[in-house]
Amino acid sequence: MAVFRPGFTYRIAFAIVSVASCACSGTVGDEIRRPGNDTSPGGQGGSAGGSPQWGNAAKELPEPAAIATTRFPRLTHFEWENTVADLIGNEDRTRITSIARMLKRDAVSGFDNQNDNQSLSIDGDLRGDYERAAEAIAEWVASDATALARMVSKNGNKPGDRDTFIQQFGARAYRRPLSTDEQNDLGSLFDKGASLFGSGNAFNDGVRLMVTLALQSPLFLYRPELGQAGSRLSPHELASRLSYALTGTMPDAMLMTAAADGTLSDQATLLSQASRLLATPASRRLVEHVHHQLYALSAFDGIRKDNTVFPEFDVALPGLLQRETLAFLDGVVADGGGLSEILLSRKVWLDRRTAALYGVAGSFSDTPSENMLDSNERAGLLTRLGILATYADARNPDPIHRGVFISRAILCRTLPPPADNVTPVPTSGGTTNRERVHNHTGPGTCGASCHATIINPLGFALEEYDAMGKFRSTDNGKEVDASGTYDFGDGEQTFQNAREFSERLAGSQEAHACYASQWFSYLWGRRIDDADLAFLDAKAQQSVAGLGLVDLVAGIVGSNAFATRAP
Amino acid sequence: MKKSTFQSNRRRVLRGIGGATVGLPWLEAFSASSARAANPVYSVFVVGCNGVVQNLGSEPERFWPGTTGTLTRAGMLAEEAGRATATLSRFAERTLIVRGVNLPFPGGGACAHTSGDNQCLTAQPGTGDTDGAASSLAKGESVDNRIATALNPVGRGPLTLHAGFNDGGGKGYGNPGYVSYKAALQPNSPESSPFAAYTRMAGLGSTDSVLAQKIAARKLSVNDLVRKQLRALMTEARVGTDDKKRLEQHLQNVRDLEIKLTGELPVATVDRMKKLEVQGSAGRAAYHSDEDREETVRLHMDVIALAFASDYTRVATLKIGDNNDGIKYTVNGTTLPSFHMISHRVLSDGGSGPPIPNAIELHADIDRRALGYFGYLNDRLAAIDVPGGKLLDQCVSLWTNQVGNGNHDLRNIPIVIVGRAGGSLKTGRFVDLGGVKNNRLWNTVLTAVGVRGTEGAPIENFGDPTLQPGVISDLLL
């Protein structure tokens with residue numbers, strides 16, 4: 001074999017990497033999405049007790065930036081699964097979920113629907129997966145009489161009626177009416193079914209081939225937005241954008257009607273449709289999906305405890321903690337709450353095991369029931385078992401990672417990377433967990449600039465909860481110190497414990513701006529731009545004043561920019 | 001149907017994967033590219049996490065061989081107790097161990113593990129943490145992807161596999177630790193399930209040809225319409241360049257019949273894969289669980305061997321671990337602290353915590369275990385006959401790690417290559433390059449596997465453009 005031999009070589013360069021030192025620069029906060037100090041022009045108040053503020057008031061708000069995004073956002077796998085279920089009118093989610101699992105996971109960083117950087121593209125593997133999944137769904141509905149009848153009735157109400165099926169099913173799959181050409185294309189494909197499958201039932205075979213095509217069509221897999229930059233989206237494009245943002249699935253019949261009759265072009269109709277959609281079960285599922293990512297609930301799967309310290313732990317527990325956390329977040333949203341309630345509400349859904357861990361007396365079964373936690377011990381999300389146990393090691397709480405979690409998930413702060421060089425804490429560095437961590441990373445140490453001021457105080461606020469999340473007043477025989485001081489961007493705040501800390505957070509505009517920008521990012525499928533900040537600041541102010549999540553979301557999709565095709 | 005351009009006389013027999021049989025991909029969409037040489041070279045990149053125990057700073061040397069120069073089986077065996085690389089002594093003559101390769105961008109603004117993942121196969125910096133912890137992405141293509149573009153059928157990326165806790169798509173630390181990138185900020189999504197990876201490859205393997213013709217006809221009629229729709233969208237006046245590329249990629253991958261293997265893994269192996277599909281101890285599919293890690297790694301390696309043997313792909317990447325590797329091994333009935341904590345020598349994922357006694361020895365054991373898995377892969381590749389020898393000798397089978405050691409040092413990244421790349425690599429040696437940046441290693445590997453630039457010139461500028469270009473000629477024959 002001919003071997004290539006390079007004609008010249010460079011001298012090898014010796015690159016000496018400086019040995020890791022205490023690299024924490026202390027320059028935190030450059031990228032914090034923090035509301036400005038200017039107090040609200042227009043004085044947007046909360047919606048508590050009154051009519052929603054996002055109606056006409058939305059016109060007074062600053063508008064989000066017109067950032068160019070792909071004209072072909074691809075369905076996420078979550079959306080694919082929901083859409084397939086709705087399109088074929090089938091309730092058997094288990095089966096659809098198992099087919100959806102064929103789809104190779106997307107490599108995205110951030111929310112699953114971030115379409116920037118073309119992350120949701122279709123490579124060879126995924127294309128093949130879509131094909132196999134489409135064939136599996138088509139085979140199923142064509143061979144199962146009940147499933148077929150349900151799908152046909154959902155798409156035309158006339159079993160055996162080729163033309164109606166093509167027209168109705170096609171329009172629902174493409175989420176817009178078909179052109180004559182498209183109708184003809186689908187018709188001739190339908191007619192090939194009989195010879196290509198030969199089941200003896202030409203209608204069934206036609207349906208099977210059409211479903212196979214529909215689920216691989218770019219008009220199904222993407223949500224094309226083809227209109228002129230700067231103009232309002234077409235009614236059907238807008239219906240899809242709205243529907244996927246609020247419900248994670250295709251537009252329902254009422255939304256399609258509003259698109260077809262043109263009324264969706266009117267912003268007031270859009271707002272009332274949004275309001276209607278936000279009350280649907282699909283929207284509830286979407287909110288859960290976003291919160292699941294926002295608070296990294298899948299990290300609960302990694303909870304492991306030392307059974308000699310925590311005999312109550314077993315591998316089933318992380319799943320129960322996930323269920324408890326999601327039930328809590330759902331409850332907050334259902335009650336009209338927003339970030340403040342997420343941080344402060346003591347409502348809880350307890351089963352036998354979580355009740356024991358929270359120390360709530362009473363009789364509980366394996367089915368969760370609504371209850372209230374003790375105001376002397378607990379507040380909202382940050383004082384719940386799941387978060388506390390996740391950011392702890394097998395025996396001790398981990399204030400550093402609890403602090404990092406709060407910095408990132410609640411405050412959206414961008415932290416500098418940890419030092420390259422990490423050294424162990426001497427076990428003799430203090431009596432309590434807090435003392436050991438403090439002595440190792442606090443003022444006067446190498447970690448002073450980041451840990452002492454930025455990270456540790458947040459984590460120390462949760463020191464009254466052990467590595468399992470159980471409440472404790474002493475650590476190693478000494479009284480727990482969960483007090484602290486922290487600057488959330490508007491001056492130093494002090495707190496004695498996690499309940500007070502949660503209240504400070506709930507009152508801080510920084511936390512509300514973070515929550516608003518996370519939701520904004522998901523609903524738009526893109527990252528935040530500086531030009532969005534004025535809009536988000538206004539939303540944050542409303543949120544501090546009590547705006548619930550449903551109204552926050554409606555206010556974001558109710559902006560004019562949301563209905564406009566960006567350049 | 002397109003006529004195959006694949007050489008139908010190149011049958012292979014795969015032995016050593018428990019009696020698997022492999023014939024040809026029976027309908028091939030390979031383009032007649034000059035890069036598809038008669039004796040193709042394959043490459044596989046296995047990337048671990050958390051570094052190895054080596055003498056950087058104050059820790060003892062437990063990884064590299066004792067002296068540079070020729071590697072012999074006897075010499076490596078003599079070091080078996082103290083050096084992890086000795087685990088591979090049976091491949092001594094086919095092995096090239098390279099010390100002194102550094103990642104080019106220390107302190108890249110991300111978690112050090114992520115920073116290592118970003119750079120290790122790309123020689124590009126990362127974006128830094130932009131959206132929560134560990135979300136940094138690499139700013140350029142990875143070497144495996146470059147190889148796939150040059151040597152694989154059009155549109156087929158590297159076979160990208162993963163054995164660890166997370167699936168793709170998680171926020172923050174909840175991601176699988178991407179190392180393979182199709183372009184800046186675009187990771188190749190890794191497959192965590194051996195069964196899914198195998199199914200994607202094997203597909204119609206056992207289908208008889210009459211039925212296959214029918215299936216092909218159905219696919220053709222569906223695909224014709226899909227192509228028509230894609231082309232119509234691409235010609236829409238307002239569609240920009242990036243979106244056109246996006247649709248073009250999709251269009252390229254619409255195949256009338258996927259390349260499928262006629263070969264299959266034995267039923268017993270496939271059954272083992274299926275067992276990993278059920279829920280494991282972590283509440284996720286078993287292939288994500290610690291207990292099934294070794295089984296998952298081995299089955300992924302079976303998939304890689306099959307994929308090479310049947311020429312499904314010329315290049316594969318296997319990431320073991322996630323952003324870091326938090327696996328808790330159980331040894332003699334005792335569950336150890338997580339590997340990540342062991343690598344930091346303390347009972348914490350952060351910098352502080354009680355010391356783990358004997359952490360260095362525990363880590364060195366894990367290094368030996370990791371190279372043991374790598375040995376399994378090389379055994380599989382060495383069991384496959386190709387014209388004139390064994391498949392392993394046509395390979396660059398490379399083991400590396402996201403960081404150098406448990407202290408996140410980005411120097412002395414472990415590089416262990418087994419296989420001669422068809423005779424291009426000078427193997428049987430341990431060399432110390434003394435601090436060369438990894439872009440030059442990848443230039444060298446690209447050269448060894450036969451990737452060329454325009455007009456047949458060698459690739460000398462892979463990676464970040466500010467880095468010194470060139471290959472490391474001392475590694476090449």
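This is a predicted model: local features need pLDDT of at least 70, side-chain atom pairs count only at pLDDT 80 or more; totals for chains, interfaces and linings use all residues.
Local features require pLDDT of at least 70, side-chain atom pairs count only at pLDDT 80 or more, and totals for chains, interfaces and linings use all residues. Residues are numbered from 1 along each chain as its sequence is written, with chains lettered from A and ligands numbered from 1 in the order in which they are written.

**View 1. Confidence along chain A.** The mean pLDDT (the predictor's confidence in each residue, from 0 to 100) of chain A is 84. In chain A, 83% of residues reach 70 or more. Residues 1–59 of chain A have pLDDT below 50. Beyond near neighbours in sequence, that stretch has 117 contacts in the model. Two residues are in contact if their C-beta atoms, placed from the backbone, lie within 7 Å.

**View 2. Helix α1 (residues 77–87) of chain A.** Helices are DSSP runs of H or I with at least four residues, strands are E runs of at least two, and both are numbered from the N terminus. Ten of the eleven residues of α1(A) are buried. A residue is buried if 20 or more other C-beta atoms, placed from the backbone, lie within 10 Å of its own, exposed if 12 or fewer, and partly exposed in between. Among the buried ones are H77(A), W80(A) and L87(A). Their cover includes α2 (93–100), α3 (124–143) and α12 (281–294) of chain A. G89(A) follows α1(A) with a positive phi, near 65 degrees.

**View 3. Helix α17 (residues 399–410) of chain A.** The twelve residues of α17(A) reach 15 Å from first C-alpha to last. That is close to the 16 Å expected at 1.5 Å a residue, the span being 1.5 Å times one less than the number of residues. Twelve of the twelve are buried, so α17(A) is largely enclosed by the rest of the structure. Just after α17(A), C412(A) has a positive phi of about 55 degrees.

**View 4. Packing of α3 (residues 143–151) and α11 (438–449) in chain B.** The axes of α3(B) and α11(B) lie 10 Å apart, at an angle of about 25 degrees. The two helices are therefore roughly parallel, a label for angles under 35 degrees. V143(B), R146(B) and I147(B) in α3(B) meet W442(B), V445(B), L446(B) and V449(B) in α11(B).

**View 5. G450(B), in the segment after α11(B).** G450(B) is buried, with 22 other C-beta atoms within 10 Å. The C-alpha atoms of G450(B) and A86(B) are 29 Å apart.

Note on methods. Axes are lines fitted to C-alpha atoms, for helices over the stretch in contact, and angles run from 0 to 180 degrees between N-to-C directions. Angles under 35 degrees count as roughly parallel, over 145 as roughly antiparallel, 65 to 115 as roughly perpendicular and the rest as oblique.
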